[in-house]
There are 2 protein chains.
Amino acid sequence: MINIAVLGYGTIGSGVVEVLNTNGESIRKRAGAKINIKYVLDIREFPGDPISEILVHDVNIILNDPQVKIVVEVMGGINPAYSFVKEALLKGKSVVTSNKELVAKHGAELLDIAKTRNLNFLFEASVGGGIPIIRPLNQSLTADEIVEITGILNGTTNYMLTKMSEEGIGFNEALEDAQALGYAERDPSADVDGHDACRKIAILSSLAYGMQVDFEDIYTEGIANITDVDILYAKALDARIKLFASSIREDDENVYAMVAPMMIRANHPLYSVNDVFNGIYVRGNVIGDVMFYGSGAGKLPTASAVVADVVDAAKHLNKNIWTIWSSKKLDLINIDLVKHRFLIRVNKKKEILDDIKALFGEVEELTEVVKDEFAFITPLITEREMKDKKERIPGLIGSIRIRF
Amino acid sequence: MINIAVLGYGTIGSGVVEVLNTNGESIRKRAGAKINIKYVLDIREFPGDPISEILVHDVNIILNDPQVKIVVEVMGGINPAYSFVKEALLKGKSVVTSNKELVAKHGAELLDIAKTRNLNFLFEASVGGGIPIIRPLNQSLTADEIVEITGILNGTTNYMLTKMSEEGIGFNEALEDAQALGYAERDPSADVDGHDACRKIAILSSLAYGMQVDFEDIYTEGIANITDVDILYAKALDARIKLFASSIREDDENVYAMVAPMMIRANHPLYSVNDVFNGIYVRGNVIGDVMFYGSGAGKLPTASAVVADVVDAAKHLNKNIWTIWSSKKLDLINIDLVKHRFLIRVNKKKEILDDIKALFGEVEELTEVVKDEFAFITPLITEREMKDKKERIPGLIGSIRIRF
């Protein structure tokens, strides 16, 4: 029997308890021992819930109990999660977490503590909910140099973009819909402004390149400016708009990372990732293209990933599972140097085409999608050029990056 | 430094050498030691190839060298691969293989030998080429009871079906095309008759359910009967035809497995898996739907999976990585009991509808797709019922299973 403690009895914490109860027997077989939840930590009371018997309010009961071998942190946020997790590792307990903020900010340090003490710090559930992506990156794609990781990593915004596309509704209506269904928080900024996806691509990039990618360095743009008219243009181009979180190695030295809405077509492996689903596309220099798809959030899928990590920690109680995420910082190249094609909309007629050509050279003109608008696609230009030229575009309404 | 030997210098064997040369430095970091190829075994000579210096013709040189810690078997076929692999394990060497015949037939026994000797027998490359699927099943989906695995596991037939669909060509032309491109063998029966997919779904099922699924027990039907007219019907139904290899747990006791062409629509996660790509859809009782996608074959993708296993074996030289594939046989339920809907084509006019209804009850009639043919979709019926009723269908031309 292996004793564990669960820090936080919210959605994911109660999911972890449920999964261990539901599939206890097959989990025992795979872990090689019964997984026993000795404590659940929460500041709240849960009268009537069977976990009341093992509920504690003081983390020190857990930290000071040498019988607890694995601590599951599913509270979220940096404080007090960071100090609880660090202390648990220092006390000789392996830690499993679903906390993307914690992993993005302190992952390298916590992995290092775990390694020097022959423990494990595991975080499959911090990216892509139930989708196995951390372990495949760490243990399956080890023969490859990773060239690109691009993910649809935020289920809320993907749901909203799918709704906008399917029902022709605007951003605000889609947001209200997502909030009504519990997919979006009352303050939706972490999702719609791209911060959530930014932390997740920071984690994946750090693992893929073996160096610390600071999330603060990643250019991040959300979907708040996407309108129903942008969706009309996407349809006219046989395309869809997705919030992409990408990290791309252009050559040995140069990696860039960005979170931004992107127009893609059916030939992109992530085109069919709709609703609240997540998808992660990885390109390696020998494996070529691989893609992982599944529920990016939700109580049980996320709990499934947490419990799978518990099983792995139980199987490796005194053996560190190697990862190559060092604390050495990876300096991302300036986003100004990155090239894209842009779809640009102006509230002018086609007569301004000569001005446009003077700015961009040859462009791809669209046949009219919206009355009294003209739209075109630029050649491949750097973000810097786009910024410089933007203010000289007559009657500019909006622009969006294109990946096809 | 960890010494390995490669048995077989064909397509995959030379790919393994290439991957270790190309990405040697990052592989060293991930394995924790340099991976050195001490021997390559092949009956042929390779004059001028640098591997000549380490080429041997006698497997005993490898088996009797205690410095060789990991043996990579990429010869294919049962003999002599089975005896070489078994002997290597008995001599204390871990084994990595890409050999689906070997794993499907002798996997349970070889895993058992590896386990009792604290070694590893790894076979990520035996299913889905480069796609990480064996390790995710073993190590990531451990919190779940697997309810369904459905894969497009054979790249050759998927390429042919894609071509037939895109270009309207027939089976023979698609086969010639696949042969010209080197995707299909001169004797294509292993691919087109479904035997290759059958072995692969046997391996995945054994891992998912933890018991031996004998490939001989799996109902297997290939694509040799699929014609360009079937493709027309698929298009009329907004569907595609895919060769599905499925294993489905209907309840605790009842698992069935089958390989057969299936019509699916865009809402199925495998709908977009085209050309030579493979995709594997897994459904767990807590994780929900996950899907894995990538190159199902090819020299470098397959070699990438082999080398990733070598890295894992190197990291676990004296520690067995647990798997729950026991030699206890899983008795599949008789395919006769399994239910599908069928699209049925007859060379009669709609006047026979009353006869059809007498046989099947209410059916879904199609508007005419092919002149002088009538087609309909049955309700959900068992394979047994379909077999019984087939001979009583007036003017039957063909039938195909439908999963939507």
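The structure is a predicted model, in which local features need pLDDT of at least 70 and side-chain atom pairs count only at pLDDT 80 or more, whereas totals for chains, interfaces and linings use all residues. Residues are numbered from 1 along each chain as its sequence is written, and chains are lettered from A, with ligands numbered from 1, in the order in which they are written.

Chain A holds 14 helices and 17 strands, where helices (H or I, at least four residues) and strands (E, at least two) are DSSP runs numbered from the N terminus. The radius of gyration of chain A, taken over C-alpha atoms, is 23 Å, close to the 22 Å that the globule rule (2.2 Å times the number of residues to the power 0.38) gives for 404 residues, so chain A is as compact as a globular protein of that length. Its C-alpha trace spans about 75 × 45 × 35 Å along the principal axes. Of the 404 residues in chain A, 51% are buried; a residue is buried if 20 or more other C-beta atoms, placed from the backbone, lie within 10 Å of its own, exposed if 12 or fewer, and partly exposed in between.

Chain A is divided into domain 1 (2–129 + 299–315), domain 2 (136–295) and domain 3 (336–402), with bounds that come from an automatic or database domain assignment. The centres of domain 1 and domain 3 of chain A, taken over C-alpha atoms, are separated by 50 Å.

An open sheet of six strands in chain A has the order β3-β2-β1-β4-β5-β6, with parallel pairing; two strands pair if DSSP finds at least two bridges between them. The edge strands are β3 (55–56) and β6 (121–122) of chain A, each of which pairs on one side only. Strand β2 (residues 35–41) of chain A pairs with β3(A) in the parallel sense over two bridges, and Val40(A) stands opposite Leu55(A) in β3(A).

Most residues other than glycine have a negative phi, and most peptide bonds are trans. Asn79(A) and Pro80(A), however, are joined by a cis peptide bond with omega of about 5°, and Pro80(A) lies in the loop between β4 (68–73) and α4 (81–90) of chain A. In chain B, the peptide bond from Asn79(B) to Pro80(B) is cis, with omega near 5°. A positive phi, near 55°, is found for Asn118(A), which is placed in the loop between α5 (100–116) and β6 of chain A and counts as partly exposed, with 13 C-beta neighbours inside 10 Å. Phi of Asp238(A) is also positive, near 55°; Asp238(A) is exposed, with 10 other C-beta atoms within 10 Å.

Between the chains, 47 residues of chain A are in contact with 47 residues of chain B, two residues being in contact if their C-beta atoms, placed from the backbone, lie within 7 Å. The elements that give two or more residues to the side of chain A that touches chain B are α1 (11–22), α2 (24–31), α6 (134–140), β12 (288–295) and α12 (299–315) of chain A, and the largest share, nine residues, comes from α12(A). Strand β12(A) pairs with strand β12 (residues 288–295) of chain B in the antiparallel sense over five bridges, and Phe292(A) stands opposite Phe292(B) in β12(B).
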